[in-house]
Amino acid sequence: MDRMRAVVQRVNGASVVVDGETVGEIVGQGLCVLVGVTHDDTPEKAAQLARKLWSVRILEGEKSCSDLAAPLLVISQFTLYGDARKGRRPTWIAAAPGEVAEPLVDEVVARLRELGAHVETGRFGADMKVTLTNDGPFTVIVEV
C-alpha cells in the first residue's frame, strides 16, 4: 500500500510564482513541503501528515515549526509518485487524479492552520516556479 508522501526541505525563505505572480511566499526559517497524493489516501492521512509536519524536529536546534511558529509553504506535487523504473519515460499511475488529490492537499493545509501554523501554498494544477534556499541543505521524505 502506498502512503501519502511529502518531501520536506528546511529553508531560509521560499516562494511560488504562477504566471509572473507570487502566489505563496515564506520569509526566514521554515519548511517547503511538496505533497504527493496516491489513490488510497484519506482525510485521516492528511490530518496525520499535517500533525507530523507541524511537529517534526528538523529546524535549527532540533526544533519544530510548532516550537518556533515557523511558516510552511505547501505545494502539491503529483510527480512524487512518478515511476521511472522501466523505459525512459516515467509513469504517473500511482498518483491520484486531481479530483482526489486537490481536496486532500487542501485538507493538509487546513489541518496545519487548525494547529496554529502559518501556511502559504502554491496553486493546484498550475505551472509553478518554486524558488527556495535550502538551509543545510536539509531534505527528508515523510510518509504517513
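## Starting at Glu62

Let's begin with Glu62, which counts as exposed at 58% relative accessibility (exposed means over 50% relative accessible area, buried under 20%, partly exposed in between, with a 1.4 Å probe and protein chains only). Glu62 sits in the loop between helix 1 (43-55) and helix 2 (65-68). Its phi is positive, about 55°, although Glu62 is not a glycine. Helices (H or I, at least four residues) and strands (E, at least two) are DSSP runs, numbered from the N terminus.

A quick word on the ground rules: this is a predicted model, where local features need pLDDT of at least 70, side-chain atom pairs count only at pLDDT 80 or more, and totals for chains, interfaces and linings use all residues. Residues are numbered from 1 along each chain as its sequence is written, and side-chain values use heavy atoms, with hydrogens and water left out.

## The whole chain

Read from the N terminus, the elements go β-β-α-α-β-α-β-β, which makes three helices and five strands. The radius of gyration is 15 Å, close to the 15 Å that the globule rule gives for 144 residues, so the chain is as compact as a globular protein of that length. That radius is taken over C-alpha atoms, and the rule is 2.2 Å times the number of residues to the power 0.38.

The C-alpha trace spans about 40 × 35 × 25 Å along its principal axes. Of the 144 residues, 41% count as buried. Among contacts (heavy atoms within 4.5 Å) with a separation of 6 or more, 75% come from residues 24 or more positions apart.

## Strand 1 and its partners

Strand 1 (residues 5-18) is largely enclosed by the rest of the structure, because twelve of its 14 residues are buried. Strand 1 runs antiparallel to strand 2 (residues 21-36), with 13 bridges joining them; two strands pair if DSSP finds at least two bridges between them. One of the links has Val16 with Gly24 of strand 2 as its bridge partner.

Strand 1 is also joined to strand 5 (residues 128-143), again antiparallel, by eleven bridges. Here Ala6 has Val142 as its bridge partner.

Asp19 lies in the loop between strand 1 and strand 2, a hairpin with two residues between the strands. Asp19 is exposed, with a relative accessible area of 77%.

In strand 5 you'll find Pro137. A cis peptide bond joins Gly136 to Pro137, with omega about -5°.
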